[in-house]
Amino acid sequence: MGDEPEIQVAERAGVGIDGQDRPTEDRVVVLPNAVVLLDGATALRPGARTGGWYADQLSTALAGGLSKTPTGDLTVVLAEAITAVAAEHGLVPGNSPASTVAIIRWTETTLDALVLADSPVVVFTDSGHEVLADSRLVDLRLPRPSAYRQRLRGGAGYGPEHVAALRSSGAEIGKLRNVPGGFWVAEADPAAAAHACTASWPLATIRSAMLASDGVSCGVDDYRLFDWPEALALARQDGPGAVLRAVRAAERDDPDGARWPRPKRHDDQALVLLRFDQPSRPVG
């Protein structure tokens, strides 16, 4: 359905809030006419179902929905997927794991995109580039500054006290999840899907597109290592893994998070590059 793009995927695991290695909680699914990227939210409570587990369930449900209705409304497909996962596993709104969602879907004539929470889509057209991003989590106005960021800026570094401060901040932010005036993310309430950011472009104008988890987009938005056109150029020349490596190298130069306060020394990374401006070839 539509011209098949060349698709390249790069993924790299980060660390847990304890600083230890563990499997990535990002998920990427490549379908015949769509790509889905999910970033499971890190569980801050011991023993809780992880964001990676939820991203697994939701990505499977989304793949089924996109395959069943390949030209359907993306917000409806997402709502139905959230509903299905919540029903199957007895998930309760406000007390369940969560994930960001980024989708690119192409038809014979159109490229459609959906973003829910902080995993952006960037589309490069004949006339420039456009970023489809959901900034509501970043733009939250909290009653008081995040304590863990203040600690890191002061040089306290990572460790048990950081984890305690992170959990305290997470509890405050959690009160604003999927409520008016807060931020929206895939969890157990399908109503969140209606708050996703969406956009469409004529397929003939598209040259490239990227989907990124925030472990990659931070290189543009926070670290200012490059802008999106520069990230595209690097990914096209050396592969999307080169973008991941550049971000990880910057973080190694800031091991205590003093320059760039962040929840974990290294977040999970996922970046998908789609190229519509050359003959397609098999994925992988």
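In the predicted model, strand β1 is joined by seven bridges to strand β10 (residues 269-275), and the two strands run antiparallel. Arg-12 has Gln-269 of β10 standing opposite. Both strands belong to an open sheet of five strands, ordered β1-β10-β9-β6-β7 and paired in antiparallel fashion. The edges of this sheet are formed by β1 (6-12) and β7 (128-132), each of which pairs on one side only. From one strand to the next, the twist averages 15°. Helix α5 (residues 214-221) packs on the sheet, where it touches β9 (206-212) and β10. The direction of α5 makes about 80° with that of β10. Helix α6 lies across β6 (121-125), β7, β9 and β10, and runs at about 95° to β9.

Within this sheet, Ala-209 is placed in strand β9. Ala-209 has a relative accessible area of 0% and is therefore buried. Leaving aside neighbours within four places in sequence, the contacts of Ala-209 are Ile-104, Val-122, Val-123, Phe-124, Val-272, Leu-273 and Leu-274. Ala-209 and Arg-275 are separated by 66 residues in sequence, while their C-alpha atoms are 6.7 Å apart in space.

The packing of the helices is considered next. Two packed helices are described by the angle between their axes and the distance between the axes. For helix α6 (residues 228-238) and helix α7 (residues 240-252), the angle is about 125° and the axes are 6 Å apart. The helices α6 and α7 are therefore oblique to each other. On the α6 side, the contact is made by Ala-231, Leu-234, Ala-235 and Asp-238. The α7 side contributes Pro-240, Ala-242, Val-243 and Arg-245. By class, six residues of the contact of α6 with α7 are nonpolar, two are charged and none is polar.

Helix α7 also packs with α5, at an angle of about 75° and with axes 9 Å apart. The pair α5 and α7 is therefore roughly perpendicular. Gly-215, Val-216, Cys-218 and Gly-219 of α5 make this contact with Val-243, Leu-244, Val-247 and Glu-251 of α7. The residues of the contact of α5 with α7 comprise five nonpolar, two polar and one charged.

Strands β3 and β4 are joined by seven bridges and run antiparallel.

Val-36 is found in strand β3, and its bridge partner in β4 is Ile-103. With a relative accessible area of 1%, Val-36 is buried. Val-36 is in contact with Arg-27, Val-28, Val-29, Leu-62, Leu-66, Ala-102 and Ile-103, leaving aside neighbours within four places in sequence. Val-36 and Val-122 lie 86 residues apart in sequence and 14 Å apart in space, C-alpha to C-alpha.

In soluble globular proteins, nonpolar side chains tend to be buried together. The largest nonpolar core in the model has 30 residues. Those with the most contacts inside this core are Leu-58, Leu-62, Leu-66, Leu-78, Val-101, Ile-103 and Leu-116. At least two residues of the core are supplied by each of β2 (26-31), β3 (34-40), α1 (51-68), α2 (74-89), β4 (99-106) and β5 (110-116). The most is given by α2, with eight residues. Leu-78 touches Leu-62, Val-101, Leu-114, Leu-116 and Ala-193, not counting residues up to four places away in sequence. A second, separate core has 22 residues, including Leu-37, Ile-104, Leu-111 and Leu-274. Ile-104 and Leu-274 are also among the contacts of Ala-209.

Note on methods. Residues are numbered from 1 along each chain as its sequence is written. This is a predicted model: local features need pLDDT of at least 70, side-chain atom pairs count only at pLDDT 80 or more; totals for chains, interfaces and linings use all residues. Side-chain values use heavy atoms; hydrogens and water are left out. Axes are lines fitted to C-alpha atoms, for helices over the stretch in contact, and angles run from 0 to 180 degrees between N-to-C directions. Helices (H or I, at least four residues) and strands (E, at least two) are DSSP runs, numbered from the N terminus. Angles under 35 degrees count as roughly parallel, over 145 as roughly antiparallel, 65 to 115 as roughly perpendicular and the rest as oblique. Contact means heavy atoms within 4.5 Å. Ala, Val, Leu, Ile, Met, Phe, Trp, Tyr, Cys and Pro count as nonpolar, Asp, Glu, Lys and Arg as charged, and the others, Gly among them, as polar. A nonpolar core is a set of buried Ala, Val, Leu, Ile, Met, Phe, Trp, Tyr and Cys residues joined through side-chain atoms within 4.5 Å. Buried means under 20% relative accessible area, exposed over 50%, partly exposed in between (1.4 Å probe, protein chains only). Two strands pair if DSSP finds at least two bridges between them.
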